[in-house]
Amino acid sequence: MDELESIRAEALASVAAADTIEALESARVAALGKKGSISALMGSLGKMDPEARKAAGAAMNAVKDEVAEAINAAKISLEAKALDQRLAREKLDVTLPVRPDTLAGRVHPISQVMEEMAAIFAQMGFDVAEGPDIEDDFHNFTALNIPAEHPARQMHDTFYFGERDDGSRHLLRTHTSPVQIRTMLGKKPPIRIIAPGRTYRCDSDMTHTPMFHQIEGLVIDKTTNMGHLKGCLLEFVTTFFEVDEVPVRFRPSFFPFTEPSAEVDIGCSREGGELKIGKGASWLEIGGSGMVHPNVLKACGLDPDEWQGFAFGMGVERMAMLKYGIPDLRTFFDSDMRWLKHYGFVPLDVPTLAGGLTR
Amino acid sequence: MCSWRELGLGEDHDGIAELEVQAPIGAKLVDTLSLDPVIEISITPNRADCLGVRGVARDLAASGLGRLKPLAVAPVKGAYASPITVALDFPADAESACPLFVGRHFRGVTNGESPQWLKDRLTAIGLRPISALVDITNFFTFDLARPLHVFDAAHVKGDTITARLARDGETLAALNGKEYALSEVMTVIADAGGPEALAGVMGGEHSGCTEATTEVFLEVAFFDPIRTATTGRKLDILSDARFRFERGVDPAFLVDGAELASAMILEICGGEASDLVIAGAEPDWRQSIALRPERVEALGGVAVDNPRQQAILSALGCTVSEHGDGLLVVPPSWRADITAEHDLVEEIIRINGYDLLPATPLPRPSMSKPVLTPGQRRAAWVRRQLASRGLVETVTWSFLPSAQAKLFGGGAAAMHLANPISSDLDCMRPSVLPNLVAATGRNADRGCKDVGLFEIGPQFDGPEPGQQRNVAAGLRAGKVAPRHWADKARTVDVFDAKADLLAAITAAGANPDSFQIGTDAPAWYHPGRSGVLKLGNKTVASFGELHPGVLNALDVKGPVVAFELFLEALPPQKAKATKAKPLVKLSAFQPLERDFAFVMDASVSADAVLRAAKGADKALITDVSVFDLYEGANVGEGKKSLAISVTLQPFDKTLTDEEIEAVGKKIVEAVLKVSGGALRG
C-alpha cells in the first residue's frame, strides 16, 4: 500500500505544481493515462486473489477519483486564469465615441405642427380637406365674396399667371379658403373641415415670405353660432399650447367672406422679455375668423336661411414660432441642416392627445 | 441725439434736435414737448366712414365712449353768382360715375401759410403743410372723410367745369408731376381745354392752386367707388382721395361738406364766396333692412334684448322702427357697408362687445373617428419613415428660377408667374429635386457637405388647378456618415437612394416587389445609374445618381443621389374586412442555404436573375439574395459573375439530398435560361 500512497502523493503534487493547461495535461497523462502510474498499478489487480483484489481495487479507485477530481479542479482554475489573462489583453478604450448615428433624421416643424393641429381638430370631429395650390379667380376670390373691384383684393398681394385664352388669369391661392368653397360645392352639410396647406402672397420682408402655410377651419350646420367659434378656438389654443388656461379675445374686424368677423388674440405675458402663452397682461394675434358670409353660402348653393356656420384661419408658421420659440419666419424655408436638426422633431415624436402633443 | 425728422416729429433734418434750455433733464420727451398724442388706427376696407376722425368718434360714442358733438353747419351766403357752372356729361350706362357735383367760386382769397393749429394737426398725422387751400382740403379728408378739390379759377378755361368720362388719347399732367394717358373707363373733371383733374384720384398741375391764387373753384363731388378704384389701379396712383372714394364717401354729405369747407376757406383765406352751383342729385342710398331680433342670438350666440338692439343701431345713426315681429332699419348714408340683416347683427354684437360672446364648446361625437384620408395617412407614414432613416425634412418654395425648372423638364411659359417676387422665383417647380439640390449647395457653402434631405410637397405638371402631384422626394450627398475611427467613410451611391425609396414605398403600405424596374429614368438622372419603378406604364417613382451636368448647372458638387416617389401613383390600399393579420406559418424544420455563382453578360439585370431563381420552386424557396458581384479579367470582357444565396424552407419534412439537388438543378436551369450564362465552376 505504500506504493499506492506514494503514487497518490506524486500525482497530487504534480497536479498542484502544474501552472499551465499543458503541464496539467502532462500530469494527467502521467497519472491517469494509459501508461500512467495509477493505470499501471490498477493493471496489477488481475494478478491478485479475489479477496485482496477487492480491497486493493477500492483503495486504488479512491485514489484515482481523488486525482481526477484534483485535475478537474486545477483545470477550472487554470482556465479561469487563462481567461482573465486574455480579457486583460483584450482591453478597449470604452471612452472612444460610438459609430455615428446615421438615423437621426427630423420632421420639419411645419409638418409637426400641422399634425398636432389635425390631432386636436379630429377630436372635435373635423375632417382634413385639401385643394390645389394653383387656383382660379372664382374659388380664391369671387365665391368668397371678393368681387373684382373690391378694395379687399388689395389686402391680398396675389401671384398671377399669364392671361389665358378666355382672358382670365389663374393665381396661386392667397389663403386656404378656396378649399372651403370646394368642400361646400362637393358635399352637403353638416360640414366640419380643417384645410391646412401652402398659401402664397407676393410679399417678402422680415415678417413675410412669398409662401407660407395656413390652416383654415370651416363648420356648416343649422345651429352653429359665434359662441361656438369662440369655444372651438378656446379649446384649440388651450390644447395646442399645452397650458392650463389660454384666454381668447375677439376683436371686431373685416373679412369679405365672414360676417360678423373677428380677429383672434390669445393671452400671453412678456415679463422679463420672455414670451409665455397663457394668462397674462398682453395679447397676441393668431388669426382671423367669423361667421360664414351669406354670399359665400349662396355661391356654394347653400341657402343662408337654412345653413350657417363659422370659419377661421391661422398661420401655421406663426403658431409654430409661438409654441416652440422659433424667432424668424424666413428660416423655415432655408433648408439649413443646422436649423432643421435643431428645430425639427425626431420621428418618434408622433403627436397624440393621449400621450401629449409634445414630449 | 436725433434730428426732428429722424424722430418722426418734423421735417427738420439740419442737425441734432435741440430742446428748450429749461427742459428738465431726465424727464420723458413726451412730457417735455407739447405734443398732441397720435393714435394710429388700422381701418378695415369696409369702414369708409371711419376714414375721418368724426366717423371714429361716432363709433366710439356708440360704444359708450364719450358723446358725439353735433356738427353745426351754417350755410355761407353767396355774395355773387358763380362765374363757373358745373355740368355732368355721361352716357346713360355711366351716370353712376358722378351723380352729384357741388361747386363754389371764391374771389379775393389769399393762399398763404395755414394758421399754426392747422399746420400742427396735419404735421401730427404725417402730412406736410403746403398752402392754406391745399391744407384745408387735406384737413377735410382726414377730419370728415370728405375729399375736396380746389382749382385755381383763373386757370380754368371757359365757364363750365364738367364731370365726364375721359376720351381715349387725352392726357393729364397731375399734381404729382407725372403725365398720365387717360382712357374711356376713367372719369375726369374737364374744362373747355380738356381734363383738369382725375375724378376722385388726383388734381391736375395746370389748374392747381399756388401762392398766387386769388380766385378759387371748390369741387365737392361723389364719385363711383369701382370706377375710382379702376382708374387708380390702372394709373397706379395711390392718394388719400382715391382711398376714400373707392371705399365710398358719404353720398349725403356734399352740400353740408361744401358749406363747412366754404366757411373755413373764408375764415383762413379771406375773400368772398359765390352761390353754390350744383349738378345732378343725391344718389339714392336709403335702404330698409328687416331685422329679426332673434337672429342676433342665433348667429352671434349672445342674447341682446330688443331695446338694446334698437339703442345700438340708433347710436350708429340708423333709423329704426318696429315692423311686424321685428325691426325695420334704415342705415345712415355713411354706412354703405350695411346692406343686409347679418350686417346689422354684426353691428349689434360688435357694439354690445365681443367680450360678451360666450365660449360654447362645439357639440361633438362622443368618440372621435380617424379623419385623415388614405393619401394623408400615407404621406404621414412616409414622412416619419424617411426621417427615421436619417433624412431631414425640409420645406422649400413651390417656385424656382425658370432656368432650374428647365433642367428638370419644366419651365413652360404657362408655368411662369406674371408677377414673381424675384427672377429667382419666377416659375412653378416641375420637381422637388432642384430645390433640394440647391439647398445641398447652400449647406455645403456653410461647411455641411454630408446632406440628407427630403420634402413631401407638390410638383406642378400644368397650369390648371389640380395639375399637381404630391411627391416625396429625397436626396443624399457627400458621405453616408462622417469619418470614424472604426469604419471607413463611404460616399453615397445610387443604392442609398434606392433603399430610401423602397423604405418609403413599404411605409406607404405598398409592396416594392410589385413594381417593374426600368432604366429609363428622366434626363436629370445619370443615364447609367438610375431607375424607375413602374406599374404598367405608369411611373410610380424614379431614383438614381443625379446627372453630373445638372449638378454642374446648379453649381453643386456630386455625387448626389436622389429619389422621387409619386404618392398618388401608388396603388390604393385594399380595404380589408378585418384587421386580423394573416396566420403566421412557422416551420418546424430548419431552413437551409445553397449558394450558386453564374457568369453572364454584364447587361443581364440582377433583378431578372433573382426573379428567375425565386420562381424555380415557389413552395420551397423563401429568399434569394446576391452576395457577390465580380466584373474583371477572370470572367472575361463584358461579363460578370453573380453569386446568389438561396434559402430553402421545407414545411412538412426534412429534405433529402436528392430533393435538394433537384431544387438546385431547377434553380440553375431557370437562371441560365434567363441570363444565357453559365454556372461558374
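Biologist: How many helices and strands does chain A have?

Modeller: Chain A has 11 helices and 11 strands. Those are DSSP runs numbered from the N terminus, helices being H or I with at least four residues and strands being E with at least two. Keep in mind that this is a predicted model, where local features need pLDDT of at least 70, side-chain atom pairs count only at pLDDT 80 or more, and totals for chains, interfaces and linings use all residues. Residues are numbered from 1 along each chain as its sequence is written, with chains lettered from A and ligands numbered from 1 in the order in which they are written.

Biologist: Why is chain A more spread out than a compact globule?

Modeller: Its radius of gyration is 42 Å, well over the 21 Å that the globule rule gives for 359 residues, so chain A is more spread out than a compact globule. The radius is taken over C-alpha atoms, and the rule is 2.2 Å times the number of residues to the power 0.38. Along the principal axes, the C-alpha atoms of chain A fill a box of roughly 130 × 55 × 40 Å.

Biologist: Which domains does the assignment give for chain A?

Modeller: Domain 1 (2–89) and domain 2 (109–343); the bounds come from an automatic or database domain assignment. The centres of these two domains of chain A are 91 Å apart, taken over C-alpha atoms.

Biologist: And what about chain B, which domains are there?

Modeller: Chain B is split into domain 1 (85–280), domain 2 (289–356), domain 3 (374–569) and domain 4 (592–679). Between the centres of domain 1 and domain 3 of chain B there are 59 Å, over C-alpha atoms.

Biologist: Switching to the interface: how many residues of chain A are in contact with chain B?

Modeller: 71 residues of chain A are in contact with 79 residues of chain B. A contact is two C-beta atoms, placed from the backbone, within 7 Å.

Biologist: Which element of chain A gives the largest share of that side?

Modeller: Helix 8 of chain A, with eight residues. By class, the side of chain A that touches chain B has 39 nonpolar, 17 polar and 15 charged residues. Here Ala, Val, Leu, Ile, Met, Phe, Trp, Tyr, Cys and Pro count as nonpolar, Asp, Glu, Lys and Arg as charged, and the others, Gly among them, as polar.

Biologist: How many residues does the largest nonpolar core have?

Modeller: It has 84 residues, and Met117(A), Leu233(A), Met319(A) and Ile348(B) are among those with the most contacts inside it. A core is a set of buried Ala, Val, Leu, Ile, Met, Phe, Trp, Tyr and Cys residues joined through C-beta atoms within 7 Å. Buried means 20 or more other C-beta atoms within 10 Å of a residue's own, exposed 12 or fewer, and partly exposed in between, with C-beta atoms placed from the backbone. Helix 8 of chain A gives the most to this core, eight residues.

Biologist: What is Met319(A) in contact with?

Modeller: Leaving aside neighbours within four places in sequence, Met319(A) is in contact with Val113(A), Phe240(A), Ile286(A) and Met314(A). Met319(A) is also one of the buried residues of helix 10 of chain A. Seven of the nine residues of that helix (316–324) are buried, so helix 10 is largely enclosed by the rest of the structure. Just after helix 10 of chain A, Gly325(A) takes a positive phi of about 65°.

Biologist: Is strand 5 of chain A largely enclosed or open, and why?

Modeller: Largely enclosed by the rest of the structure, because nine of the 10 residues of strand 5 (191–200) of chain A are buried. Strand 5 pairs with strand 6 (211–221) of chain A in the antiparallel sense over 10 bridges, and with strand 1 of chain A in the parallel sense over two bridges. Pairing requires at least two DSSP bridges between the strands. Val128(A) has Ile194(A) as its bridge partner in strand 5, while Gly197(A) has Gln214(A) in strand 6.

Biologist: Last one: is Glu568(B) buried or exposed?

Modeller: Glu568(B) counts as exposed, because there are 12 C-beta neighbours inside 10 Å. Glu568(B) lies in the loop between strand 23 (560–566) and strand 24 (592–601) of chain B. Beyond neighbours within four places in sequence, Glu568(B) is in contact with Gly375(B), Arg469(B) and Asn470(B).
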